[in-house]
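Here is a short note to read beside the structure. Please keep the 3D view open and find each residue as you go.

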Amino acid sequence: MQSFSLGPILYYGDDALSQLSRCRARSVLVVTDSFFDRSGLARQVAGRIPGADVTIFSQVTPDPSVELVARGAEVLDRLQPEALLALGGGSPIDCAKAMVYTADRRPLFIAVPTTSGTGSEVTRFSIVSHGGVKHPLIDETLRPDWAILDPGLLQGLPPALVADAGMDTVTHCLEALAADGASPLTDGLALEALALCVALLPRSYRGETAVRGRLHLAATMAGLAFDHAGLGLCHALAHALGGRFHVAHGRLGGVLLPAVVAFNGAARPERYRAAAKAAGVSGTADSLLVRGLAAALERLRAALGLPATLAEAGIDPGALEAALDSLVEAALADPCLAANPRPAGPEDLRALLRRAAR
């Protein structure tokens with residue numbers, strides 16, 4: 001038997017932020033970063049909640065640490081707001097999730113993503129960093145109550161952020177499709193999101209803002225898919241590398257994903273049959289479809305200006321080799337690895353990291 005939680009109420013499309021006027025909270029704590037605080041957007045968004053007393057916690061930085069979460073949780077417990085609003089990319093939403101996890105009283109939890117990649121607005125995952133390692137926190141209570149997808153927040157995204165976040169979505173699609181927990185429901189979400197990404201990401205990267213609302217929804221669909229199906233080897237390795245070298249998560253996924261698809265496809269090619277066709281790859285033999293899918297991912301990566309190797313992503317090969325044992329240890333301990341369709345041992349992980357190095 002399998003299950004599928006319908007999760008948060010999702011509001012999406014033009015002026016989705018107007019739904020905040022339905023919120024009756026008298027006090028709201030906004031969790032965001034310094035950019036949205038300085039720009040005034042955090043207060044502007046929270047101001048759509050009628051008559052609410054607004055406090056802004058804007059200390060969030062990329063890869064939120066356990067220490068940052070503890071500071072935010074202290075503010076949350078002291079203020080006891082009726083609503084918690086997370087505004088930004090994956091880091092503010094993940095930080096707010098971890099704060100809610102530790103809270104004595106859960107407020108109404110609203111997520112407003114400003115990038116299209118993590119899917120964190122609908123998942124039970126939060127990623128926090130400690131001691132140079134990214135740790136996935138997984139719990140049903142981490143899902144927000146409302147998720148608001150407004151394309152008006154995406155118009156000024158720089159190309160590099162479109163690329164990094166978009167490749168994160170692609171990685172979520174491919175890992176969910178291959179994961180041991182995949183189901184017809186998760187497959188449908190992941191395949192549609194993958195097809196949208198392949199068709200629209202290069203256009204968004206080139207500045208075509210009209211397609212960004214559809215990509216925003218695709219990221220959420222991919223989030224729903226992996227939240228129920230699981231992830232896999234690519235995320236386990238990316239978490240280990242990101243915690244150590246602080247490279248953008250989607251960028252690492254773009255480097256690792258073609259090799260991970262080839263690795264898994266060697267044992268379970270049927271897991272990628274529909275994915276290859278959704279990515280525009282034709283053919284009948286499973287082995288050819290897997291190779292074609294890996295090649296299509298490499299072409300998409302190039303079209304988005306993303307690095308092809310870890311060295312190009314800024315990780316020195318010597319530093320990678322020196323850290324290899326600790327990276328493998330972290331990846332093996334990562335819960336995402338459990339859903340990978342092919343068992344992967346220490347030597348497999350070392351080989352994949354060395355293959356991606358340069």
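1. A salt bridge is a side-chain nitrogen of Lys or Arg within 4 Å of a carboxyl oxygen of Asp or Glu. Keep that in mind for the first points. Note too that this is a predicted model.

2. Start with Asp227 and Arg143. They form a salt bridge, and their closest N and O atoms are 2.6 Å apart. Asp227 sits in helix H7, while Arg143 sits in the loop between strand S7 (133-138) and strand S8 (146-149). The two are 84 residues apart, so the pair links distant parts of the chain. Are Asp227 and Arg143 buried or exposed? Both are buried. They also belong to a network of salt bridges, together with Arg124 and Glu140.

3. How many salt bridges does the structure hold? There are 16. Another one joins the side chains of Glu82 and Arg26, at 2.6 Å from N to O. Glu82 is in the loop between helix H3 (66-79) and strand S4 (83-88), and Arg26 is in the loop between strand S1 (9-12) and strand S2 (27-33), so the pair ties together parts 56 residues apart in sequence. Glu82 counts as partly exposed because its relative accessibility is 27%. Arg26 is exposed, at 64%.

4. Now look at Arg350 and Asp325. Their side chains meet in a salt bridge of 3.0 Å, N to O. Arg350 lies in helix H14 (residues 346-357) and Asp325 in helix H13 (residues 324-333), so this pair ties together parts 25 residues apart in sequence. Why does Arg350 count as buried? Its relative accessible area is 18%, and buried means under 20%. Asp325 is exposed, with 52%.

5. Next, the nonpolar core. The largest one has 81 residues. Val170, Leu174, Leu233, Leu241 and Leu293 touch the most other members. Helix H5 (residues 159-178) gives the largest share of this core, 9 residues. Leaving out residues up to four places away in sequence, Val170 touches Leu194, Cys197, Leu201, Leu257, Leu297 and Leu300. Another core lies apart from the largest one. This other core has 25 residues, including Ala25, Val28, Leu41 and Val45.

6. The structure holds 1 cavity of 30 Å³ or more. The largest cavity contains about 100 Å³ of space. Its lining has 14 residues, and Ser116, Val162, Leu201, Ser204 and Leu215 are the closest to its centre. Which helix gives the most to this lining? H5 does, with 5 residues. By class, the lining has 8 nonpolar, 5 polar and 1 charged residues.

Key. Residues are numbered from 1 along each chain as its sequence is written. This is a predicted model: local features need pLDDT of at least 70, side-chain atom pairs count only at pLDDT 80 or more; totals for chains, interfaces and linings use all residues. Side-chain values use heavy atoms; hydrogens and water are left out. A nonpolar core is a set of buried Ala, Val, Leu, Ile, Met, Phe, Trp, Tyr and Cys residues joined through side-chain atoms within 4.5 Å. Buried means under 20% relative accessible area, exposed over 50%, partly exposed in between (1.4 Å probe, protein chains only). Helices (H or I, at least four residues) and strands (E, at least two) are DSSP runs, numbered from the N terminus. Contact means heavy atoms within 4.5 Å. On a 1 Å grid over the protein atoms alone, a cavity is a set of points where a 1.4 Å probe fits but cannot get out, and a pocket is an open set with protein on both sides within 12 Å along at least five of seven lines; lining residues have an atom within 4 Å of a point. Grid points are joined across faces, edges and corners, and a volume is the space filled by probe spheres set on the points. Ala, Val, Leu, Ile, Met, Phe, Trp, Tyr, Cys and Pro count as nonpolar, Asp, Glu, Lys and Arg as charged, and the others, Gly among them, as polar.
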